[in-house]
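Please open the structure in your viewer and keep the selection tool at hand.

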There are 2 protein chains.
Amino acid sequence: MKSIQKQLDRAQFGGKPVALQTIERLSTYRRVLEDLHAKGIQYVYSHQLAEYVDVTPAQLRRDLSAFGSFGNISRGYNVQRLITTLSELLGTSNIQPVALVGVGNLGRTLLSYRGFEERGFSLRVVFDNDPAKIGRVIAGRRCFDIREAETVLRDQPVEIAILACRPQGIQGVVDRLAAAGVKSILSFVPAIIDVPPGIHIEMEDISAKLEKLSFLAKNRPAKPAYGYEKGRTTM
Amino acid sequence: MKSIQKQLDRAQFGGKPVALQTIERLSTYRRVLEDLHAKGIQYVYSHQLAEYVDVTPAQLRRDLSAFGSFGNISRGYNVQRLITTLSELLGTSNIQPVALVGVGNLGRTLLSYRGFEERGFSLRVVFDNDPAKIGRVIAGRRCFDIREAETVLRDQPVEIAILACRPQGIQGVVDRLAAAGVKSILSFVPAIIDVPPGIHIEMEDISAKLEKLSFLAKNRPAKPAYGYEKGRTTM
DNA sequence: CTGCTATTGTGTACACAGTCACAAACCGTG
DNA sequence: CACGGTTTGTGACTGTGTACACAATAGCAG
Ligand SMILES: NC(=O)c1ccc[n+]([C@@H]2O[C@H](COP(=O)([O-])OP(=O)(O)OC[C@H]3O[C@@H](n4cnc5c(N)ncnc54)[C@H](O)[C@@H]3O)[C@@H](O)[C@H]2O)c1
Ligand SMILES: NC(=O)c1ccc[n+]([C@@H]2O[C@H](COP(=O)([O-])OP(=O)(O)OC[C@H]3O[C@@H](n4cnc5c(N)ncnc54)[C@H](O)[C@@H]3O)[C@@H](O)[C@H]2O)c1
């Protein structure tokens, strides 16, 4: 019985290492840019966009510079073009199929959520291990036996999977998905998992986030108003 | 229109600054310790626990040392005692009431989830702004009008709230909660929020995590097998 | 064409999380 | 009682993410 926290703290792009935090900020930039685009704004300066995202302008420019030069030196960044660029970097230019394992309460909620499509993802392939669910159509998707993952994903390959099943036997699920070519996994399951080589697993432990918030609620910085600035949070 | 990513990257404990990542690891330690406890293990060495969590033993000891000295020098850490200590630090020794805003698909899923109780949280107070839901009892909780937040939370104070509502008017919701004494907020809503002073907001943007995973799936490190060790992931 | 202003991209400096390595403390054993 | 073995807690160091500050560049006005 083991587990990890670290697993991979750097990504690669064009041979150069990129901080994972940079990738996470790209999502934020893209979302804010979408809002600006919806407002008809065509160009934006780094200091403007940076203020929206509450990041220093230098941080924003440095983040982008890891992938190339996208700014016009005295017009700033073309909103439309930057959105396209970021989408390409994140791999969401075209809508991307995603697999879901576990069609319980959480799984069904995710299936009926429309927000994913807007961000370039589509929960297309659905698995479970409950005979009562296998073969049935749930939220428009036919539910497959998890044991057939390799077969099903051969016809309809996916790179990303979401885990919303019970902890029991989850290791087998992960190994199966890895064998079927899945590259990345988002897990809502609070269980310890051996990560197969070449796979990246992202944990979404809601209880852990609550614990963090609980700590912060009880250990507030002693001096509430000293150089304090109203912060902002995105998304 | 603004937003943030940073907002607060250090916590405080006893006047000393503590890295936020340390807090997050405490959750992991506690979870693994619970498993060990369930197995009847009474003492554990830092190098053992560290291996389960895939952290260096020094990291583990350093994390704990930010809060005191809990280890017996040649017996290691008392599992039971360390669980208690971590629970106290995280503020989950006694079950803690949490408010939920928005009883839609996601909200109802969270309400019916039993995992929170096991980790020391209880979704007790429920709000919405839909007249069809206000006053009704949903999953055993009576649903209140969000506009009455301040009144309701005066009788039943909570420090933590979860947002599972629509983005529209979310700023008003946050301000109301802050005025009602809420200290920490976990938001599933992909919207830009002005954070009132003294409040901490944690974003849970599932689409952003998928984007990160998409990037990693497409930009895999060039050399798959070079000094590679099978990693582990917890929870 | 020249000078002025404003912005991008980046070399450099800094701060800090994570690692190393060791002194101090404890235990068991002979 | 001494001693080798083992572990904790922590000073010192390193790696790296972020911030600063400036050179290079573009536009524009006169
Ligand atoms: N519901 C929530 O709000 C919530 C919140 C945080 C985390 N989680 C976690 O998400 C997971 C799912 O939660 P839920 O409330 O939907 O549970 P659930 O019991 O309602 O649904 C679980 C589903 O997964 C299926 N399943 C179980 N084992 C499987 C396997 N090995 N392979 C394929 N399918 C399998 C079951 O048949 C069932 O349909 C749990 O691990 C839970 O801890 C849930
Ligand atoms: N459902 C998912 O899987 C999922 C995943 C990620 C993020 N989210 C986000 O979570 C939020 C909720 O998602 P959902 O699928 O449950 O939506 P939903 O429409 O089913 O439910 C939203 C609920 O919030 C209530 N509400 C709206 N505005 C409110 C306000 N100002 N104050 C109080 N209550 C209000 C509505 O009356 C409704 O009951 C959305 O912002 C969504 O983007 C959902």
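**Two helices of chain A**

Helix 1 of chain A and helix 2 of chain A are roughly perpendicular to each other, because an angle of 65 to 115 degrees counts as such, while angles under 35 degrees count as roughly parallel, over 145 as roughly antiparallel and the rest as oblique. This is a predicted model, in which local features need pLDDT of at least 70 and side-chain atom pairs count only at pLDDT 80 or more, whereas totals for chains, interfaces and linings use all residues. Residues are numbered from 1 along each chain as its sequence is written, chains are lettered from A and ligands numbered from 1 in the order in which they are written, and side-chain values use heavy atoms, with hydrogens and water left out.

Select residues 20-38 (helix 1) and 46-53 (helix 2) of chain A; the axes of these helices come within 10 Å and cross at roughly 110°. Helices here are DSSP runs (H or I, at least four residues), as are strands (E, at least two), numbered from the N terminus. The axes are lines fitted to C-alpha atoms, for helices over the stretch in contact, and the angles run from 0 to 180 degrees between N-to-C directions.

Which residues of the two helices meet? From helix 1 of chain A, display A:Thr28, A:Tyr29, A:Val32, A:Leu33 and A:Leu36; they meet A:Leu49, A:Tyr52 and A:Val53 of helix 2 of chain A. Contact means heavy atoms within 4.5 Å. Sorted by class, this contact of helix 1 with helix 2 of chain A has seven nonpolar residues, one polar residue and no charged residues. Ala, Val, Leu, Ile, Met, Phe, Trp, Tyr, Cys and Pro count as nonpolar, Asp, Glu, Lys and Arg as charged, and the others, Gly among them, as polar.

**The nonpolar cores**

Next, select A:Leu26, A:Leu33, A:Leu36, A:Leu49 and A:Leu86, which have the most contacts inside the largest nonpolar core, a set of 28 residues. Such a core consists of buried Ala, Val, Leu, Ile, Met, Phe, Trp, Tyr and Cys residues joined through side-chain atoms within 4.5 Å. Buried means under 20% relative accessible area, exposed over 50%, and partly exposed in between (1.4 Å probe, protein chains only).

At least two residues of this core come from each of helix 1, helix 2, helix 3 (57-65) and helix 4 (79-90) of chain A, and also from helix 9 (206-218) of chain B. Helix 1 of chain A gives the most, with seven residues. Now centre the view on A:Leu86: beyond its neighbours within four places in sequence, A:Leu86 is in contact with A:Leu26, A:Tyr29, A:Arg30, A:Leu33 and A:Leu64. A second, separate core has 26 residues, including B:Val32, B:Leu49, B:Val79 and B:Ile83.

Select A:Asp54, in the loop between helix 2 and helix 3 of chain A. Most residues other than glycine have a negative phi. A:Asp54 has a positive phi of about 55° although it is not a glycine. With 24% relative accessibility, A:Asp54 counts as partly exposed.

In chain B, B:Asp54 lies in the loop between helix 2 (46-53) and helix 3, and has a positive phi of about 55°. B:Asp54 is partly exposed, at 26% relative accessibility.

Where is B:Phe13 found? Select strand 1 (residues 10-13) of chain B, which holds B:Phe13. Leaving aside neighbours within four places in sequence, B:Phe13 is in contact with A:Phe215 and A:Asn219, as well as B:Val18, B:Ala66, B:Phe67 and B:Leu89. At 24% relative accessibility, B:Phe13 counts as partly exposed.

Then select B:Phe144, in strand 9 (residues 141-145) of chain B.

A rotation of 180° with 0.0 Å of shift along its axis superposes chain A on chain B (RMSD 0.1 Å). The two copies are thus related as by a two-fold rotation axis. The superposition is by least squares on the C-alpha atoms of residues with pLDDT of at least 70 in both copies. To find the axis, select A:Thr109, whose C-alpha comes closest to it among the residues of chain A, at 3.6 Å. The copies meet through the same surface, because 99% of the interface residues of chain A are also interface residues in chain B.
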